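Here is a short report on one model. Read it alongside the sequence and the coordinates.

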Amino acid sequence: MHEKNPDVRPAQQRIKRKPEDVAATPPEPRSFKTAFTPEFLKPYHKGVMDYTYKGVSCLKSPIDLAIYMKLIFDLKPGSIIEIGSFHGGAALFYEDLCRNYGLDTEIVTVDFRTLEENPTTQASKSKVRFYQADAEHLEESDLHAALDTLPRPWLVIEDSAHTFRVSHAVMAYFAKRMQSGEYLLIEDGVIEDQGGNWRYDGGPNRAVHEYLRDFPDHYDIDTHYNDFFGVNASFNPNGYLVKR
Ligand SMILES: C[S@@+](CC[C@H](N)C(=O)[O-])C[C@H]1O[C@@H](n2cnc3c(N)ncnc32)[C@H](O)[C@@H]1O
């Protein structure tokens, strides 16, 4: 229970999912193909890479930003835990959004680069908490030590290396620690449609596919959010996961 936020209830009470909102484990019947054509993706991706929030790089597709805004309002997370800070623009966005919603959600962001290399996070007047950690070994980090103090429900956003190993490691790490009804977003499976999966050893899509195949009781794909603008009309195909 988040003392300062009376609106924080157990996550499973907050978002009422209908049976049809929960997808079967891949590969059947869900494909990882996004709704986007290669012709559409090229300039769209450029826009994502160039996008800024309050002048700070914020590497999000507008469709996913819209879904995140809705999910955050619906879930009213006690904490948002972002893995992969880059310049901190997304963390600033989450912080402002939560304040606008009247939530005092704790915003935590993690990167293996130091704050000096991510100067905008440090320079801002925000209360975003930064931890330096390797996403593949979170149990060795200061985040791990602080995790129990983070208010629930959690929204965890994996946006770091995008390799198979790291995406899979983050899914495994949080499966042990998340509560039913909390969310884990695995970003950027779209790299497969962009032809880049080979550089990431199969990337997030391979991680989601193998993890859900091997541990079908850990997460469901929440298709209400995942498919909000069309089936896998997202940079995160099959990446909107809710803890069982
Ligand atoms: C795509 S950027 C994050 C973008 C940010 N979330 C946003 O939306 O603006 C990826 C970040 O992950 C970090 N990163 C890459 N591999 C990592 C790892 N194994 N552990 C922690 N951070 C990592 C990089 O240093 C980089 O800052």
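Which elements do the buried residues of α7 pack against? They pack against β4 (79–83), β7 (154–158), β8 (183–186) and α8 (203–214); contact requires C-beta atoms, placed from the backbone, within 7 Å.

## Basis

This is a predicted model: local features need pLDDT of at least 70, side-chain atom pairs count only at pLDDT 80 or more, and totals for chains, interfaces and linings use all residues. Residues are numbered from 1 along each chain as its sequence is written.

## Helix α7

Helix α7 covers residues 164–175. Helices (H or I, at least four residues) and strands (E, at least two) are DSSP runs, numbered from the N terminus. Nine of the twelve residues of α7 are buried. Buried means 20 or more other C-beta atoms, placed from the backbone, within 10 Å of the residue's own. Among them are Phe-164, Val-166 and Tyr-173.

## Strand β4

In β4, five of five residues are buried. Ser-79, Ile-81 and Ile-83 lie on one side, Ile-80 and Glu-82 on the other. In a regular strand the side chains alternate between the two faces of the sheet.

β4 pairs in the parallel sense with β5 (residues 106–111) over five bridges; pairing takes at least two DSSP bridges. Glu-82 stands opposite Thr-109 in β5. β4 also pairs with β7 in the parallel sense, over five bridges. There, Ile-83 has Glu-158 as its bridge partner.

## Helix α4

Helix α4 spans residues 89–100. Its buried residues include Ala-90, Leu-92 and Cys-98. Gly-102 follows α4, with a positive phi near 80°.

Key. The expected span of a helix is 1.5 Å times one less than its number of residues. Two residues are in contact if their C-beta atoms, placed from the backbone, lie within 7 Å.
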